[in-house]
Each structure stands twice: as structure tokens, then as C-alpha cells.
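Please have the sequence and the 3D view open as you read.

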Amino acid sequence: MIFRILEDQYGEKLRKAKAADVHFMQLALAMGRRGLGSSAPNPAVGAVIVKDDVIVGRGWTQPGGRPHAEVEALRRAGEAARGATLYVTLEPCSHVGKKTPPCVDAVVAAGIARVVSAIEDPTPEVAGRGHARLRAAGISVDVGLCAVEAAYHHAGHFRRVRDKRPHVILKLATSSNGKIAAAGGAPVAITGEAAKARVHLLRAQCNAILVGIGTVLADDPLLTCRLPGMETRSPLRVVLDHALRIPHESRLVQSARETPICVMASDFADALTAVKLGAAGVQVVRVPVAAGAPGLDLAAVLRALSERGVTRLMVEGGARVAASFIAAALVDEAWLLRGPDPIGEDGVPALGTLPLAAITESQQFRIRASEMLDQDTLAIYERV
């Protein structure tokens, strides 16, 4: 819904904007994408400083959320920032954080003459105050350029601020006839290397990746990012396991001290098992079970992750977990990867008892983008 509102509010601004302004804001957005998955709990902001049509500074939010993008860009620009224009993908903060002073103070002190800000920050301590303080200091402020794209990039931040949960991205890799495994859940290769690389990049751009215990027992996955040079960008691994059935010898538990893992269990799960998992480096989090349905309360799971700073959550498996998130209306994006070959009719449907049409033909979703990845197709749907 927010994308439609922003399209109505700022679409004309984008159409009438100067080409140079659009160009530099697009560069700032590209800078910000570098921080996706690593800047949490802060948003992945990008900033570009331009003087006389030349970029004199650029920055993006650093790992862990500090320093902020504006501070990084100003540091690189130095004295060249005086009289320049700052392009930034989110309203500069105006409050004193836990570790840093407000970014607006740094912008004013640097002598920036104009700020082009893509979108207002919904954080209550900011929420327009940053723009107001910049204007009060005599700086020209223009808000709303590329607002729709910025809102998409900052969706995790917006969702955490407004709804106290992460932005949820469901990833499904299906055969041409909508299956995710062979009969009995036997794993089978569905997509090629290009699609797998895209999935690993998505992992790196999320703060956490979630699967159900069924996937762990069937596949013994590692759930890390294995793109060359990005191995350190692996997200928090999350397992829905209300009865704590995860095997101690599983690859997830055995790698817990290298890449964090969080197991979501019910209040009734065995305490001794939780202690043993904790000794192996696994974080066990207790959440309520769902009322009138099997498994854990997904809304409670998302709140618990949000409280731990997670802003972007990738849901990767299996069919029951995917269907549960769809049925609970907790999917914000669905990435549907389709391989070129079918799996037998006795294979496992992607959403269990739910048809794929619950995404592809639902009025709750609209297609945002699609592309070919060698022989596979990727379609990205977003909630309207």
C-alpha cells in the first residue's frame, strides 16, 4: 500500500525532476544497497555529495549501523562539501543516538548548501524533524525524489518501525509444474547456478534466514552465503522448532559458533535440550504456540526477531512454513524461481495445500519484476 501512496504523492516530482538530480539520487540508492543485510538494526542508507556536477564524496551505512552514510560521505568530501549538494536516500537523523550525534549537525557544520532527500524517516525521533532542522539552518531541502524506490530499499526499516516486525521475503524455487521436491520430500535439483547465485546474494542482503524443522531434518542445510568474497555476509539462521527436535549433529548446530543460529521453540519444549543447545552456541528463544493451529505463533516469532534488530527476513522453507506465512498475510515479497523441468505429480507442492495462485493470481500481490536466469525464471511479487 505504501508504494501506491508514494507513487501518487511523488510520481509527478520524479517526472519533472532534473536529469542530474535523478542520476545522483540513483547513485545514492546504489550506494545504500551495499549495506543491505549488514547495517541492521539501522537502515541501509546511501549518500552522494556533488559540487559543480562532480561527485566529491560518497558513503553508505557501515556494518552494524555506524557510521551513518552522511557522515561517511562528508568525511570523504572534506572541505569540498562546503556549498555542495547532498543526495541521501533517507531523511538525516536529528536525534542523539546511542553512539553518535545527529547527522543533521554534521551536515550543517560541513556547509552543505542543498539536501535532496528521497523520503522522510518514520522513526518517531526523526519523522520530519531532520528536514526541519536543515531548513532552519538555511539549507535548501527537497524531499521525495525517487521516493518509491527508496521506500522499497528501506522496507525493512519502515516495517520494523511501524509494525514491530521485519520485512518478510519468501523465496520459493519450484519446478515448471510448481513442485519443490520429489515424492516423499526427496531433494532434487530444480534451478541452475545463476539462480542459486541470486539466492545467495539475497541471503547476504537479509539479516536473517528462516526455515522449519522439517527442512532441517530432511536436508541438513547450512543456510550460509557462499558467494566468493561474501562468506562473512551470512545472515542469522533461524529455525522454527517448537519441540526442539533439531539434531545436535546437524550442520546448523555444529556451525553455531561460526555463524549465529536462533531456534524458536515453544514454552513447553524440553529445558535440558535447550541447555545443551545453548552450550553448543545455539540461541534458544521461547515463543507462544499459535492459537487453534499447529506450530508457533508467527507474529510472535517476527516480534522476537525485530527485538533482536532483524529488519529483513528471508523465509526459505519448507512448504508448510511458506504456506503458513502466506495464510497469515505476513509475506511482503515473494521471490518465485521456476526451473525449466517438471517433477512428477507425486512431488511436493510448493505451498502444500495452498495453490501457487495464492501468490501469482492473488489481488494481495502484484508483480514487481521478472527476469531470466539462464534457463530459469525469477518473478518478484510484492504485497499491494
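## A pair of cysteines

The sulfur of Cys-93 lies 3.6 Å from the closest cysteine sulfur, that of Cys-103, which is too far for a bond. A disulfide here is a pair of cysteine sulfur atoms within 2.5 Å, and the structure holds 0 of them. Both cysteines are buried (under 20% relative accessible area, where exposed is over 50% and partly exposed in between, with a 1.4 Å probe and protein chains only): Cys-93 has 9% relative accessibility, and Cys-103 has 1%.

A word on the source: this is a predicted model, in which local features need pLDDT of at least 70 and side-chain atom pairs count only at pLDDT 80 or more, while totals for chains, interfaces and linings use all residues. Residues are numbered from 1 along each chain as its sequence is written, and side-chain values use heavy atoms, with hydrogens and water left out.

Helices (H or I, at least four residues) and strands (E, at least two) are DSSP runs, numbered from the N terminus. Just after H4, Gly-111 has a positive phi of about 85 degrees.

Helix H7, residues 155–163, has Ala-155, Gly-156, His-157, Phe-158 and Val-161 as its buried residues.

## The largest pocket

The largest pocket has a volume of about 1,500 Å³. On a 1 Å grid over the protein atoms alone, a pocket is an open set of points with protein on both sides within 12 Å along at least five of seven lines, a cavity is a set where a 1.4 Å probe fits but cannot get out, and lining residues have an atom within 4 Å of a point. Points are joined across faces, edges and corners, and a volume is the space filled by probe spheres set on them.

Elements giving two or more residues to the lining include helix H8 (193–204), helix H9 (213–219) and strand E12 (312–317). The lining divides into 27 nonpolar, 12 polar and 11 charged residues. Here Ala, Val, Leu, Ile, Met, Phe, Trp, Tyr, Cys and Pro count as nonpolar, Asp, Glu, Lys and Arg as charged, and the others, Gly among them, as polar. A cis peptide bond joins Gly-317 and Gly-318, with omega of about -5 degrees.

The largest cavity has a volume of about 90 Å³. Its lining has 14 residues, with Leu-36, Pro-43, Ala-44, Thr-311 and Arg-312 nearest the centre.

Gln-205, in the loop between H8 and E8, is buried at 18% relative accessible area. Beyond its neighbours within four places in sequence, Gln-205 is in contact (heavy atoms within 4.5 Å) with Leu-36, Gly-37 and Arg-312.

## Backbone details in loops

Ala-40 and Pro-41 are joined by a cis peptide bond with omega of about 10 degrees. Asp-53, not a glycine, has a positive phi of about 65 degrees and is exposed at 64% relative accessibility.
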